[in-house]
Amino acid sequence: MENSEGVKIESTVVTEEPLISALDIALFVVIITVAYFWYFKRDKQSSSSEKKPYTIQPSSLSSIEQTSNSSFIKKLKSTGRSLVVFYGSQTGTAEEFAGRIAKEGARYKMKGMVADPEECDMADLVEMKEIQKSLAIFCIATYGEGDPTDNAMDFYEWLQNGDADLEGLNYAVFGLGNKTYEHYNEIAIYIDQRLEELGATRVHEIGLGDDDANIEDDFVSWKEKLWESVCSHYGIEETGEESNIRQYKLVDCSEVLPERIFSGEISRLKSYENQRFPFDVKNPYLSKIAVNRELHKSGDRSCMHIEFDIDGSKMRYDTGDHVAVYPKNSSELVDKIGELLNADLDAVFSLLNTDEESSKKHPFPCPCTYRTALTYYLDITSNPRTHIMKELIEYASDPKDQEKLKLMASSTPEGKKEFHEWILRDNRNIVHILEDLPSVKPDLDHLCELLPRLQCRYYSISSSPKVYPKSIHITAVLVNYTTSTNRVNKGVATNLLAQLIPTNDELPQPTIPIYIRRSQFRLPPKSQTPIIMIGPGTGLAPFRGFIQERDYARKEGREIGEMVLYFGCRKKDEDFIYENELQEYVANGTLTKLHLAFSRDQPEKKYVTHLLEQNADELWNIIGEKSDHLYVCGDARSMAKDVHSIIVKVVMEKGQMTNSQALNYVKKMEQQKRYSADVWS
């Protein structure tokens, strides 16, 4: 039998009178059981507190630290600060901007700090009025379909659901968005308006940065006017101090044991050797590449079909989700930086925040080697922003190089023009700058502080978990292009993926860190609901998963709705990806109609948008008469906008509506998730 704790008790029948009664035995067992569990629990607690593995978490705090550090008000008061800059960041840009504002606060006698709203009790905003001449600034990005960033989600919901009295709170907001997306800077605009509704005082008008144009220019222009408003509002003056203050100090870690040195992990030391579920942005899964094959039949471009093995990982995904891939920089570029700066890339170092109160102790996982930092943690291929130009001035020994950097770092029309032409138009990265301005020799640790973090790349998943529960498929075009300076720039992630070719079973398979990001791009709940899918090129990716899922339902004997796919590419015999699969789905009835546009197979270019205009009746039948679903995936800059315009036109003509009525109809479709877009710029 078993007692209440699940401990088995053997009973023995005896003929003689026992020395110990049954009651004594029962009491004894209870006492032993209680003693055992008390000792075990105490020992477990002791071991967990005394024998923690060595870890450094540069981007996050442990639960204990979050509890003790959640009150940003206490930090402000205890350190004599009056400025706090919150950031809502998905790629790191908003966090970078927040740091620059906080740093500049010293020029206006406003000692500042940067804060992650996810790690703060934002209800403490009501107490900001207790700090003399206090100011809260919000650098907030909008991503996806008008969504808040992951770390700003709780704050956004708090503003939506709460009714705190924020009278006495002084604030300003800068938004980071992209005009190619419909919901341009939606989150920043909402936060700016909501803070005012709750009684807060806007010190400076909202700034809206457009990443499709020049978000750096937008930010710098807004920031200059912000400080003018701050000076006017508080009656203060700029100190005029322009010194470049380091946020992090260099620590020599040459004596650190090898097992305590990061080698590319995102957050937890040795996380790739000791994988622990669940897997997320700070704890990715090291997935094997199961399949890597070319999809293009000919031509000089490449499109890869890649399958990530997730068998045994406990990872689950839904059709329409995204997979994040953590890339690494090419060894050629990393070695070039070491050569240009005459630096020992294998030296072990750490960057420690000079602000002891900051929750962010390091800019990336430390300690590590410079080679590791430049390979896994720092973005060395993007266009550097103007503040990096400014910081590099002191390292230029040639007056001409100094003047060029000063000009590009300035906010004058001439400076903006030079920065746009020399950095953005010519697509120079930090390696190119160091090559073309040979007298510029920054300290490598300072350069590591200045460069932004290397970000993961997101891909629409092109498979269904119903059909492929143990793997994730993506469809990726290899990015290579020649710049106006005759340099070849390569996509960081796709060029890495192109090298990860599976071998025979006897050799270790190539691996790459990944995690799944949930999406709102979903099939209708009912399999019989008709849908239209519009996905030129690699925009086909999520629809491949949609079709697989409906095909699976059909094979199970369930009724499936009409599926119409619009697909386009350059040439049928060159880049018609997944051709055989699609034709098979048409043959078995899963795919009702397949509309194809091959833009360069005839004298006049023919695109998917032309087919949509030709098939207005079919479009209206599904989105109007049947009130069913339409999906768009692909380029946001032109294709998605053109499709949106055509849909509005079809609704006007076939639904006999005015332009404003048609726009409202399409807007309602979007709100009801009957018109969904998964687009990128």
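This note walks through strand pairing, aromatic contacts and charge-over-ring contacts in a predicted model.

1. Ground rules. The model is predicted: local features need pLDDT of at least 70, side-chain atom pairs count only at pLDDT 80 or more, and totals for chains, interfaces and linings use all residues. Residues are numbered from 1 along each chain as its sequence is written, and side-chain values use heavy atoms, with hydrogens and water left out.

2. The E1 region. Strand E1 covers residues 83-88. Helices (H or I, at least four residues) and strands (E, at least two) are DSSP runs, numbered from the N terminus. E1 runs parallel to strand E2 (residues 112-115), joined by four bridges. Strands count as paired if DSSP finds at least two bridges between them. Phenylalanine 86 stands opposite alanine 115 in E2. With helix H4 (residues 93-104), E1 and E2 make a right-handed β-α-β unit. Right-handed means that, with the strands pointing away from the viewer, the path from the first strand over the helix to the second runs clockwise.

3. Aromatic pairs. The model has 25 of them. Rings of Phe, Tyr and Trp (its six-membered ring) pair if their centres lie within 6.5 Å; planes under 30 degrees apart are stacked, over 60 edge-to-face, the rest tilted. Phenylalanine 72 and phenylalanine 86 are edge-to-face, at 5.1 Å centre to centre and 85° between the planes. This pair links helix H3 (residues 72-78) to E1, its members 14 residues apart. Both phenylalanine 72 and phenylalanine 86 are buried. Buried is under 20% relative accessible area, exposed over 50%, partly exposed in between (1.4 Å probe, protein chains only).

4. A longer-range link. Phenylalanine 521 and tyrosine 631 also pair edge-to-face, at 5.4 Å centre to centre and 80° between the planes. Phenylalanine 521 is in the loop between strands E18 (511-517) and E19 (531-534), tyrosine 631 in strand E22 (residues 629-635); they are 110 residues apart. Phenylalanine 521 and tyrosine 631 are buried.

5. Strand E15. Six of the seven residues of E15 (residues 471-477) are buried, so the strand is largely enclosed by the rest of the structure. E15 pairs with strand E10 (residues 303-309) in the antiparallel sense, over seven bridges. Serine 471 in E15 is the bridge partner of aspartate 309.

6. Charges over rings. The rule: NZ of Lys or CZ of Arg within 6 Å of the ring centre and within 35 degrees of the ring normal. Arginine 428 lies over the face of tryptophan 422, 4.0 Å from the ring centre. Arginine 517 puts its charged end over the ring of tyrosine 458, 3.7 Å from its centre.
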